[in-house]
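User: Got a model here that I'd like to go through with you. Can you walk me through the fold and how the chains meet?

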2 protein chains.
Amino acid sequence: MKLAVGIDIGGTNTVFGFVNQAGNVLYNESLKTKYFCTADTLVDTLAKKIKEKLSEQTDWELIGIGIGAPNANYYKGTIEHAPNLDWKGILPFADYFKKYFDQPIILTNDANAAAIGEMVFGSAKSEKDFLMVTLGTGLGSGFVSNGELIYGHDGFAGELGHTIIEINGRKCGCGRRGCLETYASATGLVRTAQQWVPEDPYSTLHHYNKTELSSRIIAEAAAEGDQLALKIFDFTAEKLALGLANAVAITSPKMIILYGGVTQAGDLLLKPLRKYFEETVQNIFQDKIQIVISELDDANPAILGAGALAWKGLMNTSTALSAGN
Amino acid sequence: MKLAVGIDIGGTNTVFGFVNQAGNVLYNESLKTKYFCTADTLVDTLAKKIKEKLSEQTDWELIGIGIGAPNANYYKGTIEHAPNLDWKGILPFADYFKKYFDQPIILTNDANAAAIGEMVFGSAKSEKDFLMVTLGTGLGSGFVSNGELIYGHDGFAGELGHTIIEINGRKCGCGRRGCLETYASATGLVRTAQQWVPEDPYSTLHHYNKTELSSRIIAEAAAEGDQLALKIFDFTAEKLALGLANAVAITSPKMIILYGGVTQAGDLLLKPLRKYFEETVQNIFQDKIQIVISELDDANPAILGAGALAWKGLMNTSTALSAGN
């Protein structure tokens with residue numbers, strides 16, 4: 001059975017899994033990214049685990065490895081200056097993998113991988129113009145226009161999280177201030193909470209100390225009607241709406257698909273987001289653009305996206321080959 | 001001789017001309033847009049003038065008409081809710097022209113037309129990823145990715161001028177606040193001057209009353225070393241740099257080409273713009289992106305762009321036809 005390996009490297013967790021052509025994840029596993037002091041030690045471990053699994057399952061045939069990672073360069077196979085990873089500089093990630101595998105290794109921005117996942121397996125199968133936004137530790141994005149991912153001249157397009165929405169706003173991991181992801185991400189939610197909780201002794205969030213607060217705890221409090229937690233989601237939605245409205249002015253997508261930890265809050269985020277988005281977006285785009293949460297398998301959209309990247313690479317190659325015959 | 005007609009409809013002037021396949025403008029003329037109370041009376045006049053010229057020049061053969069206009073919809077051939085035009089609502093502009101001509105009528109956003117002009121005749125002939133920004137009455141933009149214009153799902157992509165760069169900023173013609181074009185455009189320059197001149201009695205701009213101030217007068221004062229005028233350009237460049245840095249984060253172009261009235265200021269704009277851009281853009285894009293002023297024939301880039309639109313339409317059709325044979 002032919003299978004792709006999909007790997008998603010996140011600021012907190014690195015997940016990998018085996019993905020078949022129908023978009024099912026046959027096996028998956030998670031590692032703590034921060035446990036690995038260098039990128040190549042993470043790759044060593046991943047390669048070992050993938051090879052172990054392949055030797056156990058003798059009928060599994062590896063067709064390629066797709067990797068989604070922050071600040072990944074599609075053209076060069078590198079991860080460069082990723083603000084949410086501890087490894088700094090320019091890392092030749094694809095090269096690290098090529099030491100272990102002969103199959104194609106394709107690396108891209110984690111949100112680009114997710115966008116390809118939506119095109120190959122998800123709700124964007126028939127969309128030529130859509131925007132994928134991942135709300136995890138940071139905010140990632142993948143823009144699809146005319147049915148093609150926008151990689152940009154250097155492979156780094158799709159950094160919506162690092163558009164500045166507030167001059168002199170919050171300090172960002174990228175070294176600047178006011179980036180969208182400092183407000184609209186799991187980290188952004190927590191920063192808002194850390195700022196507001198001390199001022200509100202009536203909130204249930206007051207029971208947690210600063211370092212305990214997480215997007216999940218805030219979402220749970222909001223779901224139980226905590227007014228401050230609801231206000232934090234409202235504020236986050238307002239900021240995200242501005243970032244999305246600006247992105248829409250540039251590429252005019254038909255659909256915006258959200259995924260990542262923060263979207264587990266569901267309507268707590270989606271309802272105020274849709275309201276603020278319609279209030280904020282330019283009139284020519286009003287009531288035209290769907291904002292939805294990804295319907296890909298809850299546990300594995302990141303793996304599916306990265307796996308889809310490898311499958312799509314193979315499909316493009318075979319299309320090219322048959323066109324050449 | 002085969003010729004395309006290129007028409008550029010601007011908030012102040014409407015220009016049209018005959019463009020040959022080599023990118024030369026053989027004849028051009030300008031009309032004041034505001035003299036025409038309705039869009040169809042402007043089209044009547046344009047059609048009459050084009051037909052007159054064609055009957056004079058018996059060896060001229062019209063191959064098509066390309067039109068660049070603010071808020072133009074490429075798919076529908078309409079101009080919709082253009083903030084800088086006096087005609088409101090949805091105007092079936094291509095249909096107005098079809099009453100007079102059997103040739104293809106192609107309409108797009110004025111900046112998209114300019115981008116196509118750069119691809120067909122200008123400095124972006126070998127670029128697959130670039131951004132065209134027009135600094136006229138408003139701020140228009142055309143994004144080219146993977147060698148294709150980004151039209152978006154509805155034909156309205158490329159509205160960089162209506163990305164919000166300042167929350168609760170200046171009131172914009174689109175009904176919202178803080179749009180980039182309220183700062184970075186001829187109108188934006190004048191608004192800054194109108195705000196600052198009364199507070200600075202030493203500036204030579206103080207000799208003009210509010211309604212006399214224009215981007216040309218401000219540029220002339222800056223060229224002569226007027227400190228306030230230089231400060232106005234510096235401020236405009238800073239705002240434009242932020243808008244461009246945000247756009248770059250999304251599409252990562254190799255080149256940003258500026259054109260339009262404001263760019264006649266040359267280095268007065270370009271020098272502070274490049275400085276602020278490098279300071280503002282995310283580190284992964286620093287020192288990678290060229291910002292240049294269009295090198296297309298000074299008088300006629302808008303006509304060339306619109307003409308290129310008609311020529312490109314014809315080329316695509318003939319490519320499609322020969323591919324089909």
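**Strands, helices and chains**

Analyst: Start with chain B, where strand β1 (residues 2-9) and strand β4 (residues 61-69) run parallel, joined by 7 bridges. Strands count as paired when DSSP finds at least two bridges between them. Helices (H or I, at least four residues) and strands (E, at least two) are DSSP runs, numbered from the N terminus. This is a predicted model: local features need pLDDT of at least 70, side-chain atom pairs count only at pLDDT 80 or more, and totals for chains, interfaces and linings use all residues. Residues are numbered from 1 along each chain as its sequence is written, while chains are lettered from A and ligands numbered from 1 in the order in which they are written.

User: Which residue is the bridge partner of B:Ala4 in β4(B)?

Analyst: B:Gly64.

User: And what order do the strands of that open sheet in chain B have?

Analyst: The order is β3-β2-β1-β4-β8, 5 strands with mixed pairing. β3 (25-32) and β8 (105-109) of chain B are at the edges; each has a single partner strand, so one side of each lacks a neighbour in the sheet. On average, neighbouring strands are turned by 15 degrees against each other, direction ignored.

User: Which strands does helix α1 of chain B lie across?

Analyst: Helix α1 (residues 39-56) of chain B lies across β1, β2 (13-19), β3 and β4 of chain B. The helix runs at about 155 degrees to β3(B). Axes are lines fitted to C-alpha atoms, for helices over the stretch in contact, and angles run from 0 to 180 degrees between N-to-C directions.

User: Switching to helix pairs. At what angle do α5 and α6 of chain B pack?

Analyst: About 115 degrees, with the axes 7 Å apart. α5 covers residues 215-223 and α6 covers residues 227-251 of chain B. The crossing is left-handed, meaning that the near helix is turned anticlockwise from the far one by less than a right angle.

User: Which residues make that contact?

Analyst: From α5(B), B:Ile218, B:Ala221 and B:Ala222. From α6(B), B:Ala229, B:Leu230, B:Ile232 and B:Phe233. Contact requires C-beta atoms, placed from the backbone, to lie within 7 Å.

User: Polar or nonpolar?

Analyst: The contact has 7 nonpolar residues, no polar and no charged ones. Ala, Val, Leu, Ile, Met, Phe, Trp, Tyr, Cys and Pro count as nonpolar, Asp, Glu, Lys and Arg as charged, and the others, Gly among them, as polar.

User: OK, chain A. What domains does the assignment give?

Analyst: Domain 1 is 2-118 + 298-324, and domain 2 is 126-293. The bounds come from an automatic or database domain assignment. The C-alpha centres of the two domains of chain A lie 25 Å apart.

User: Now the dimer. What rotation superposes chain A on chain B?

Analyst: A rotation of 180 degrees with 0.0 Å of shift along its axis (RMSD 0.1 Å). The copies are thus related as by a two-fold rotation axis. Superposition is by least squares on the C-alpha atoms of residues with pLDDT of at least 70 in both.

User: Why do you say the copies meet through the same surface?

Analyst: Because 100% of the interface residues of chain A are also interface residues in chain B.

User: How many residues does the contact take from each chain?

Analyst: 39 residues from chain A and 39 residues from chain B. On the chain A side, β10 (139-145) and α6 (227-251) are the elements that give two or more residues. α6(A) gives the most, with 7 residues. That side has 16 nonpolar, 15 polar and 8 charged residues.

Note on methods:
Two residues are in contact if their C-beta atoms, placed from the backbone, lie within 7 Å.
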